[in-house]
Amino acid sequence: MKRRIPAFFLLALLFSCTRDNTAQYETNPVAEQVVDASPTVSFTGFAAELPALVLPFKATCAFDYTLGSRLDTTAATNYLKPHELPYRRLSVNKNVTALLVLFPADETLPRLRTYSPNGTILDEQDLKFNPCGEEPGFQHSEQYTIRKDFTIEHVDSTIRWQFDPQYRELPNTRKLTVTRKRFKISPSGEITQVK
């Protein structure tokens, strides 16, 4: 006597082995990429890679900021804002280090920023305020000096004059305006304007 497999079991076997066409299947295997986290660089280690800023330091509009060797950009992103380039370091005292950083724009924008030993930003001050250059009726230049006593003197010179339709200067219309600002880096890292 032959045993017959009930039709119910055959149908169940048939439908349980068929592929569900509505399911999403992985067609290309993907390998997971494991990247080791870069070792954290301490702020003191990062700052030590920068050349020291020799005081007194004076820069004008035409100053050529020559950058040193490329630093570890991973470490730089921990302590600098996007697009800034570290230029020089300045040790104010054992608890405060200042960095002169450069921000690339139409003209390089120098910025002085103070840090605690662990890399916390204490204060910052832009050292350039207006674009330098000349156009009809206007000439502008700036310079700043960082002195050994951690004072910063900023001198802004603007000359204005009137001109005729052919852009020739009209006599006796030249006017020079000189603005001086002074800042001081305190032992606590604050950069304040001195009146």
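Which residues do ring pairs link into a cluster? Ring pairs join F57, F63, Y65, Y87 and Y144 into a cluster.

## Basis of the model

This is a predicted model, in which local features need pLDDT of at least 70 and side-chain atom pairs count only at pLDDT 80 or more, while totals for chains, interfaces and linings use all residues. Residues are numbered from 1 along each chain as its sequence is written, and side-chain values use heavy atoms, with hydrogens and water left out.

## Aromatic pairs

A search of the whole structure finds 11 aromatic pairs, where rings of Phe, Tyr and Trp (its six-membered ring) pair if their centres lie within 6.5 Å, and planes under 30 degrees apart count as stacked, over 60 as edge-to-face and the rest as tilted. The rings of F43 and Y79 have centres 5.3 Å apart and planes at 70 degrees, so this pair is edge-to-face. Because F43 lies in helix α2 and Y79 in helix α3, the pair ties together parts that are 36 residues apart in sequence; helices (H or I, at least four residues) and strands (E, at least two) are DSSP runs, numbered from the N terminus. F43 is buried, with a relative accessible area of 2%, and Y79 also counts as buried, at 11%, where buried means under 20% relative accessible area, exposed over 50%, and partly exposed in between (1.4 Å probe, protein chains only).

The rings of F57 and F63 have centres 5.4 Å apart and planes at 80 degrees, so they too form an edge-to-face pair. F57 counts as buried at 8% relative accessibility, whereas F63 is partly exposed at 28%.

## Charges over rings

R88 lies over the face of Y87, at 4.2 Å from the ring centre, and the charged end of K181 sits over the ring of F129, 4.2 Å from its centre. A charge sits over a ring if NZ of Lys or CZ of Arg is within 6 Å of the ring centre and within 35 degrees of the ring normal.

## The disulfide

A disulfide (a pair of cysteine sulfur atoms within 2.5 Å) joins C61 to C132, with an S to S distance of 1.6 Å. The torsion about the S-S bond of C61 and C132 is about -50 degrees, so the disulfide is left-handed.

## Backbone features

Most residues other than glycine have a negative phi, and most peptide bonds are trans. The peptide bond from L55 to P56 is cis, with omega near -5 degrees, and P56 is placed in the loop between α2 (43–48) and β1 (57–60). Y167 has a positive phi, near 65 degrees, and is exposed, with a relative accessible area of 57%.
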